[in-house]
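Hello,

Here is the structure you will be working with. Have a look at it, then read my notes below.

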Amino acid sequence: MRVISVRYILLGFLLIALATGCQSAAVHKQQVQDDSTDRVTVGKVQKEIRIGMSGAEVAQVLGSPNIVSTDEERREVWIYDKIATDRAYSESRGGIGVLILGFGGSGGALGGGSASESAGASSTSQRTLTIIIKFDKEGKVRDFAYHTSRF
């Protein structure tokens with residue numbers, strides 16, 4: 001009876017070691033992904049930008065624009081053009097060396113072995129966000145639009 005219980009314990013340790021040594025690419029990506037709360041997002045534009053806001057208020061919410069120009073009536077137009085590239089690479093290696101002891105018979109048994117597992121994945125995606133804020137002659141927001149894409 002004792003032989004069976006020792007073998008089951010060693011087998012259990014082997015299975016636990018192999019299972020915990022590997023993480024999926026999704027888990028690795030979550031560990032390296034930057035989810036900063038101060039990023040310019042569509043949600044931030046929808047929630048916080050309103051017609052009638054001053055340029056200072058817009059800058060406080062979205063930061064400085066990438067491009068400042070004027071339209072045909074010399075009214076300011078601010079353009080925020082954001083491009084983000086997300087790259088993630090994940091690699092997991094797991095392995096264990098095992099010493100197996102066998103009891104019983106006249107000489108007993110001693111054996112060894114090892115198991116190794118390796119996995120990896122990578123992904124790349126890009127996001128774009130373009131925001132156009134149009135001001136009136138008094139410097140207040142008269143209109144705004146945005147476009148987003150992900151590929």
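A definition comes before the findings. On a 1 Å grid over the protein atoms alone, a pocket is an open set of points with protein on both sides within 12 Å along at least five of seven lines, while a cavity is a set of points where a 1.4 Å probe fits but cannot get out; lining residues have an atom within 4 Å of a point.

Two notes on the source. This is a predicted model, in which local features need pLDDT of at least 70, side-chain atom pairs count only at pLDDT 80 or more, and totals for chains, interfaces and linings use all residues. Residues are numbered from 1 along each chain as its sequence is written, and side-chain values use heavy atoms, with hydrogens and water left out.

**The pocket**

The largest pocket holds about 240 Å³ of space. That volume is the space filled by probe spheres set on the grid points, which are joined across faces, edges and corners. Its lining consists of Arg39, Val40, Thr41, Val42, Lys82, Ile83, Ala84, Arg127, Thr128, Leu129 and Thr148. Strand 2 and strand 3 (109-135) each supply at least two residues of this lining. Strands are DSSP runs (E, at least two residues), helices are too (H or I, at least four), and both are numbered from the N terminus.

**The whole protein**

There are 4 helices and 4 strands. From the N terminus on, they run α-α-α-α-β-β-β-β. Of the 151 residues, 19% are buried. Buried means under 20% relative accessible area, exposed means over 50%, and partly exposed lies in between (1.4 Å probe, protein chains only).

**Helix 4**

Helix 4 covers residues 55-62, and Gly55, Val58, Val61 and Leu62 are buried there. Seen down the helix axis, these buried residues fall within an arc of 125 degrees, so they line one face of helix 4. The arc is taken from the directions from the helix axis to the C-beta atoms. Why can residues three or four places apart point the same way in an α-helix? An α-helix has 3.6 residues a turn, so such residues do. On the other side of helix 4, Ala56 and Gln60 are exposed. Just after the helix, Gly63 has a positive phi of about 85 degrees.

**Asp71 and Thr70**

Asp71 sits in the loop between strand 1 (67-70) and strand 2 (76-102). Is Asp71 buried or exposed? Asp71 is buried, at a relative accessible area of 14%. Its side chain reaches the backbone nitrogen of Glu73 at 2.9 Å. The side chains of Asp71 and Arg142 form a polar contact of 3.1 Å. A polar contact is a pair of N or O atoms within 3.5 Å; within protein, one must be able to donate a hydrogen and the other to accept it, and residues adjacent in sequence count only if both atoms are side-chain atoms.

Thr70 belongs to strand 1. Thr70 is partly exposed, at 39% relative accessibility. A polar contact of 3.5 Å joins its side chain to that of Arg74. Leaving aside neighbours within four places in sequence, Thr70 is in contact (heavy atoms within 4.5 Å) with Arg75, Glu76 and Val77.

**Ser125**

Ser125 is part of strand 3. Ser125 counts as buried, at 13% relative accessibility. Residues up to four places away in sequence aside, Ser125 touches Ala84, Thr85, Asp86, Arg150 and Phe151.

Best wishes
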